[in-house]
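I opened this notebook to record what I looked up, one place at a time.

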Amino acid sequence: MSQKRLTLEPVASHEPLEIDDQEYDAAVLAPVIERDGEDHLLFTRRADHLGEHPGQMSFPGGGAEPVDETILDTALRESNEEIGLEPREVEVVGQLDDIRTITEYAVTPFVARVPDREYVGDGNEVAEIVVLPLSGLLDPDNYEYERRDHPYYGDVVIHYFHVDGYTVWGATGRILVQLLELTTPFEAPEGLDRTHY
């Protein structure tokens with residue numbers, strides 16, 4: 001696949017599936033950056049000292065707080081705290097399906113275009129900010145998956161995207177799969193349960 005740009009119209013018109021049976025609510029922002037004529041996605045690498053998902057690649061985001069009026073406010077506030085992204089810089093395109101995580105969160109993903117500038121991690125939760133090119137994420141040689149027997153959800157599929165020495169997988173991998181399926185020719189393997197690991 002040589003596609004360089006995401007076709008974001010299907011995200012804007014997508015009617016997201018919402019999950020309301022989890023203990024906690026969270027939101028993430030999938031930031032799309034145009035750089036050198038190609039779309040890139042911004043990820044954070046979580047700090048190694050964190051109790052949940054240390055060292056993993058994720059989109060900026062986190063748990064809802066009482067100060068947040070909407071779940072989008074959660075995504076924008078957390079993105080500001082984690083990478084210094086100002087809400088006024090964010091052009092929200094749309095919302096993807098909620099997903100469940102093994103830590104009892106219902107995570108709502110938003111997709112947005114953001115400026116191509118230097119972002120700085122908060123020094124606590126974010127160990128590194130990583131911007132990966134669409135061409136790398138779509139390269140079939142960089143993608144693999146495995147099936148696992150989950151104690152709660154049965155047969156599940158786990159996606160792995162290996163790009164530039166980084167691996168995107170887990171909940172972020174599932175969000176990325178839906179984003180790529182909506183905006184590119186990428187197709188995940190058959191029989192994928194989209195709400196669980």
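Entry 1. Where does isoleucine 158 lie? I found isoleucine 158 in strand β10. I kept in mind that the model is predicted. Is isoleucine 158 buried or exposed? Its relative accessible area is 5%, and the cut-off for buried is under 20%, so isoleucine 158 counts as buried. I then listed what isoleucine 158 touches, leaving out residues up to four places away in sequence: Glu144, Tyr145, Glu146, Arg148, Trp169 and Gly170. One of these, glycine 170, is twelve residues from isoleucine 158 in sequence, and their C-alpha atoms are 6.5 Å apart in space.

Entry 2. I turned to aspartate 39, which has its place in strand β2, residues 38-46. Its relative accessibility is 1%, so I noted aspartate 39 as buried. Which side chain does the side chain of aspartate 39 make a polar contact with? The partner is the side chain of arginine 5, at 3.1 Å. With residues up to four places away in sequence not counted, aspartate 39 touches Lys4, Arg5 and Leu6, then Val32, Ile33 and Glu34, and also Arg113, Pro133 and Leu134.

Entry 3. Next I checked helix α2, residues 71-83. I wanted to know how far apart its end C-alpha atoms are. I looked up which residues of α2 are buried and wrote down Thr74, Ala75, Leu76, Arg77, Glu78, Ser79, Glu82 and Ile83. What covers them? The cover includes strands β1 (24-35), β2, β4 (61-63), β7 (105-113) and β8 (126-133). Just after α2 comes glycine 84, where I read a positive phi of about 75 degrees.

Entry 4. Last, I went through the nonpolar cores. How many residues has the largest one? It has 33, and those with the most contacts inside it are Phe43, Val111, Leu137, Phe161, Leu176, Leu180 and Phe186. At least two residues of this core are supplied by each of β1, β2, β7, β8, α3 (134-138), β10 (154-163) and α4 (170-183). The largest share, six residues, comes from α4. Another core, of 13 residues, lies apart from it, and I noted Leu29, Ala75, Ile83 and Ala112 among its members. Ala75 and Ile83 were already in my list of buried residues of α2.

Methods. Residues are numbered from 1 along each chain as its sequence is written. This is a predicted model: local features need pLDDT of at least 70, side-chain atom pairs count only at pLDDT 80 or more; totals for chains, interfaces and linings use all residues. Side-chain values use heavy atoms; hydrogens and water are left out. Helices (H or I, at least four residues) and strands (E, at least two) are DSSP runs, numbered from the N terminus. Buried means under 20% relative accessible area, exposed over 50%, partly exposed in between (1.4 Å probe, protein chains only). A polar contact is a pair of N or O atoms within 3.5 Å; within protein, one must be able to donate a hydrogen and the other to accept it, and residues adjacent in sequence count only if both atoms are side-chain atoms. Contact means heavy atoms within 4.5 Å. The expected span of a helix is 1.5 Å times one less than its number of residues. A nonpolar core is a set of buried Ala, Val, Leu, Ile, Met, Phe, Trp, Tyr and Cys residues joined through side-chain atoms within 4.5 Å.
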